[in-house]
Amino acid sequence: MSDIIVSSRDTRIEGESPLDAVSFSNVRYSWPGPSPFSLTIKKFTLGSGEKLLLVGPSGSGKSTFLSLLAGIVAPTQGRIDVLGTEMAKLSGSGRDRFRVDHFGIIFQMFNLLPYASLIDNVLLPLRFSRTRRANAERDGSLDAVARGLLAALGLDETVIATVKAANLSVGQQQRVAAARALIGAPPILVADEPTSALDRNTEEAFLKLLFAQSEKAGTSVIMVSHDEGLAPHFDRVVRLQDIAVSSRGAKQ
Ligand SMILES: Nc1ncnc2c1ncn2[C@@H]1O[C@H](COP(=O)(O)OP(=O)(O)OP(=O)(O)O)[C@@H](O)[C@H]1O
């Protein structure tokens, strides 16, 4: 399990708990363009080890919010702290390194390498993060750790050994994407509607397997969905429209 890094200097912002994995304070982001979509978030926190479901209608800015949280885009205004690090203090490449060390991300379209084996797909983040590689190596050979995660997430041994990512069903792709996000125990897991293509029973079974793994590593989870029916599986549900104001129009 990797340690949660809490800054030794007390640069915490008002109302932030030392146990918060993520905090937003007066954050604003506008996509570039003549009539940009803007999102303003006064305050938001994700607790350490918390499982949070973020819901909101299509186009309300959920993916934009996740991109801010994971440092994929930088806010136009305001402050985002992740695991005691103020993200604005990092350079662009520093943010990229920070992201691969500290975030497991399950993208909406999974973004698997289609012609690579499932094991190679899972091991991909370890090529970029020495921290996660060292964490994974503590649990055994990397091949065995990747196999173990895929099996724990419900993939059949024969499929793991013989099938390429391009030939998987959506549910199987989702399990590979989850194993890739979890390998090396990143402290934060971000998932953008990973279960939207599944029926309710498969979705609930998948969440149980996913959370068994994330809880083992003490990982904080933020998952986006259209579907508030998933709420009982999470510690907290946040409606984006309750924490954020969105607008569209010329830049001010
Ligand atoms: N790369 C981009 N460039 C410019 N504008 C963008 C970009 N991505 C998103 N937007 C704008 O941000 C708005 C919110 O999009 P976003 O994907 O964050 O919403 P969402 O709530 O995740 O939607 P959905 O549930 O349909 O995935 C969109 O209407 C779009 O105009």
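This is a predicted model: local features need pLDDT of at least 70, side-chain atom pairs count only at pLDDT 80 or more; totals for chains, interfaces and linings use all residues.
Q: What makes strand β7 mostly covered?
A: A residue counts as buried if 20 or more other C-beta atoms lie within 10 Å of its own. Five of the five residues of β7, which spans residues 188-192, are buried, so the strand is described as mostly covered.

Q: Which residues of β7 point one way, and which the other way?
A: Ile188, Val190 and Asp192 point one way, while Leu189 and Ala191 point the other way. The residues on both sides are buried.

Q: How do you know that β7 pairs with strand β6 and with strand β8?
A: Pairing requires at least two bridges between two strands. Four bridges link β7 to β6 (residues 103-106) in the parallel sense, and five bridges join β7 to β8 (residues 220-225), also in parallel. Both counts meet the requirement, therefore each is a pair.

Q: Which residues stand opposite isoleucine 188?
A: Phenylalanine 103 stands opposite isoleucine 188, and in β8 the bridge partner of isoleucine 188 is serine 220.

Q: Why is the unit of β7, helix α8 and β8 called right-handed?
A: With the strands pointing away from the viewer, a clockwise path from the first strand over the helix to the second is right-handed. The β-α-β unit of β7, α8 (residues 200-217) and β8 is assigned this hand, so its path runs clockwise in that view.

Technical notes:
Residues are numbered from 1 along each chain as its sequence is written. A residue is buried if 20 or more other C-beta atoms lie within 10 Å of its own, exposed if 12 or fewer, and partly exposed in between; C-beta atoms are placed from the backbone. Helices (H or I, at least four residues) and strands (E, at least two) are DSSP runs, numbered from the N terminus.
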